[in-house]
Structures are given as C-alpha cells and as structure tokens.
Amino acid sequence: MIRLAHVPTYVRALALVTCLPIGLTLPSALAADDVAPGPAPVVAPATPIEHALRDITSEDAAVRSAAAALLIEKGDASLLPKLDEIRAEADRATRQALKPVIDLLKNHANLTSAQSDTRRSAAADLVGTGRPEAIAWLEQAAAKESVWWVKYTMEESAQLLQLRADAHTVRMGAVTKLGELRSQNGLSALKELADAGAQSGATDEQRALADAAQASITQIDAWSWWAGALETLFRGISLSSILLMMSLGLAIVFGLMGVINMAHGELMMVGAYATFVTQQAFVGWVSPELFDWYFPVALPVAFLAAAAFGWVLEATVIRFLYGRLLETLLATWGVSLILMQAARVYFGDLTAVIAPQALRGGAQVMVGVYLPYNRIFIILLSIVCVLGIYFLLFRSNLGIRVRSVTQNRNMSACLGIPTRKVDSYTFAFASGLAGVAGWALTMVGNVDPGLGQNYIVDAFMVVVTGGVGKLAGTIWASLGIGGLNKLIEPVSGAVYGKVFILVGVILFLQWRPQGLFAAKGRNADA
C-alpha cells in the first residue's frame, strides 16, 4: 500500500480530482498541508437605495410599494438610468410601480433645468402626482426662481398639493393663498371645498374652509373678468390688424381707380403660397440651422409674387373696365375662382407653414392673460405697413402723383402725369400689400385655396365704412369692425356675430353714405 505522504504534490492533486467522485476521502493532513486558507472577502452592507432597487421587482405588492416610497423619498435623478434598465426587463406590475417613481424624479430634476418652459412644465406636472414630498421641492425651487411666471406656477402647484394635507391650518393657508394668486387651476378644488362646507353634516372645520374658499373664488372670478376683457381686446386688435393689412391695398385700388376687386383675397392667397414655396425651398436646399431664415426671405418673395399677379390682372382685365363697377366686380370674381382652382390643383386642399422659433409660444403678461407671439407680430407688422403707406402717399413724389390722380384724373393728365402708369403701378403695389398680408397670415392658420374668402367681405366692409380711399378711415373702420366682431362672438357665436356686424354696417351707411371720412375727387363726384 502506497502512503500519500510519499506521493508528490501534483500526484496528490490528481488523486483529489479522480478519487472524490467514487467516494474516497483524503487525509486531513493533505488539506492542512497543501490548502492554505485565505482572508475572507469584505462585503459592504447594501444601502437602503440598493435594497429598494432590488425590492421594486418583488412579487409582493406591499414590498414594491414600500420600495417605491423609499426611492421617491431618498432618490434623485442619478437613479433614472438604473430605473429605466429595470423597467425595460420588468413585468407589468413592476412597470406600474416604477412609473410614478420615474416621473417624480424626472420632474424633480427638471425643476432646476436651464429652460424656463421645462421648469414650469415640471412644476405643473408635480401637482398631478399628489405626492406631499413635492411640496418641499417646489418651495425650494420657487425661492431660487427668477422668472416670475415660472415662480408663480411653482407657488401655485405647492398650494394645490397642500390642499390635500391633513392639517386644517395647512389647508386653510393654501385656500387663502390660492385666492391671492388668482389661481384658475385651483378654482375647481375650491368649489369642492365650498360645496362640502354647505352640506348639512359638515363640521366646523369644513365650514371654515368653505367660507375661505368662497372668498377666494370671488377674488378669482373678479380677476378672471378683467383678464377675459383684456384678452378679448387683444384678439380684437389682432383681427383688426389682419383686416387692416388686407384693406389697405383694397382701399388704394378702390379709391384710385374705382375698381371693385373681388380677387383681392386671392392675391393674399398668392402671398401665402409664395411663403409656403419659400419654406419648401429652404427645406430642400438649405441646412436645417438656417431654416428659420425662410420667413424673412419670404417677405419680398410674397410681395413681388402678388404684385406680379396684380400687374398682369390690371393689364389684361382691369384696364378695359375702368368706370364700370358691375363689370369689374363680375370679372374679378371670375378671376378669383380661376386662382382658387389653380391653387387647389397645384397645391392641394391644405398646406401648412411652420412658424419660425421666434414666433412660437407667447408671453404670459399677467395671470390669465396670454398673448401669442404670432399675434403680437401681426399687430406690429400692421403698424409698420400703415406708417410705410403714409410716408409713401404723403411724403414722396409718387404719393403726390397718386393723390393727384385720385382727386382729379383729367387735370393730372394735363399736367403731364402718366395716369395709365400710375394706375398700373398702384394696382401692383396694392396687390403686393395683399401678398404681405398673406405672408403674415401663414403664422395664424393653414394655407388653403379659400384663404382669401375668409376676409374679403370684412375687408370690403372696412373700406366702405371708413370712406373710399381714406387711410385714416380704413384704420378706424378696421379697429371698429374687428373689435366688435370679437366682442359679439362670445355672446352670439361667430356666424351670428358676422350677421350683426353686417346689419350694423348697413345701418351706418344709411345714416352716413360716404363713410367715416368723405371721399374727394372724381369718385365723390360720381
């Protein structure tokens, strides 16, 4: 018999591998001599966050809920990648447990975002979670916020969450603060508190909350009335600006040549489609970083395209119909139908222009009053157009010729003014103004073949009410008709509002046929 002590080490190791499966055992000396025990590895204890990340996948709903609560309380945005990995491989129950955790942590992180819109959106989203932990986050973020409207949203969201607190004093303070903030978002919750306090079995605390809620509701309603009035005024000015831009060219043509141009709305459509074509050219041929520059480039394109159409229309149709109002009305109406059908054939029924980044969104000037940037832009553009036309007509040699032909064509011709050229150039310029109006209107709606038909009747009412060929009358009439339209619409609706405006214009013209400002020259004599 061979003793293991006299066998080399590598042979004994081989014996360990080959003999153990058949039940042989080795002397304890082998283990003692040849296997030296090493130090035991040191394992750090798992943190509560690590335990929660493991427990969130548990099959026990109570364990998952406790893990989610701990992650919400102690977690931060650094956990989001790990949570996304867990959610990608988890079952439906785990995904449902993870969703509020991920949403809360994302919104918590977004409260410190560099983008003000992101911070405001995160504050508004935290209200829907109903988590009391978010109150401290919102209060801390509001204390550091510099943008007043974002700060307002944070404060409002914190108060809305405090309405769900158990402490009576906390809820009472939230009710009072929401009234001071004139919070429209808190109005429904305040009405619920007021209704609860009016029930027969209400407690003293509920009645106290109901009284405070009713006082806050009164504050909010009073402020809402003023905010609604300001927004209605702004919408009226915005619509007036659109009518003014469209009516300026129409007033010049009607006052100068006595032509009823029913195709003026389609000339505005030409400007809108010229803007759309310019946008598509930038999409196809210009780098995306320069895309927003399509809009300023489209301005001269829209003006020149509409002016070219107007020049051709005057040379081929209008020139032969001067002094024949009914014929010009019918002829230009036929031209408008041709242009609409051509646009429908080449562009389809509906196209859209993407607003440049600078004209997206709006300004929250006060609580409940939101002014879109595109509407502000149209108002400013109408002011620029009015000033440009004023200086052109009253501070330039061309303006002197236009006004002289308007007042007395025969005398102007005797003085050597080329009345035919003045007619042609003026009609083209007025058409170009319609193109500018179409360029601006792409910011507030879609581009379709019937774009001009939405405004042509109102534009004619502006021209006739203001006084044919009178710039000041066109301005005042556009303000009046646009403002009244938006004032009547909330009460009677859009259709009946236009009917009332039309009846009002008819009655006004019965009393003052020449409009706000009487026309002079050959049109007045006629």
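Contact is taken as heavy atoms within 4.5 Å, and helices (H or I, at least four residues) and strands (E, at least two) are DSSP runs numbered from the N terminus. The structure is a predicted model, in which local features need pLDDT of at least 70, side-chain atom pairs count only at pLDDT 80 or more, and totals for chains, interfaces and linings use all residues. Residues are numbered from 1 along each chain as its sequence is written, and side-chain values use heavy atoms, with hydrogens and water left out.

The buried residues of H9 pack against helix H7 (116-129), H8, helix H10 (168-181) and strand E1 (362-366). Buried denotes under 20% relative accessible area (1.4 Å probe, protein chains only). Since 12 of the 15 residues of H9 are buried, this helix is largely enclosed by the rest of the structure; among them are Trp 149, Tyr 152, Met 154 and Leu 160.

The axes of H8 (residues 133-144) and H9 (residues 148-162) come within 9 Å and cross at roughly 155 degrees, where axes are lines fitted to C-alpha atoms, for helices over the stretch in contact, and angles run from 0 to 180 degrees between N-to-C directions. H8 and H9 are therefore roughly antiparallel (over 145 degrees). On the H8 side, the residues that meet H9 include Ile 135, Leu 138 and Glu 139, and their partners in H9 include Lys 151, Met 154 and Leu 161.

Elsewhere, Thr 419 lies in helix H19 (residues 419-441) and counts as buried at 12% relative accessibility. Leaving aside neighbours within four places in sequence, Thr 419 is in contact with Val 405, Arg 409, Ser 412 and Ala 413.

Notes:
Angles under 35 degrees count as roughly parallel, over 145 as roughly antiparallel, 65 to 115 as roughly perpendicular and the rest as oblique. Buried means under 20% relative accessible area, exposed over 50%, partly exposed in between (1.4 Å probe, protein chains only).
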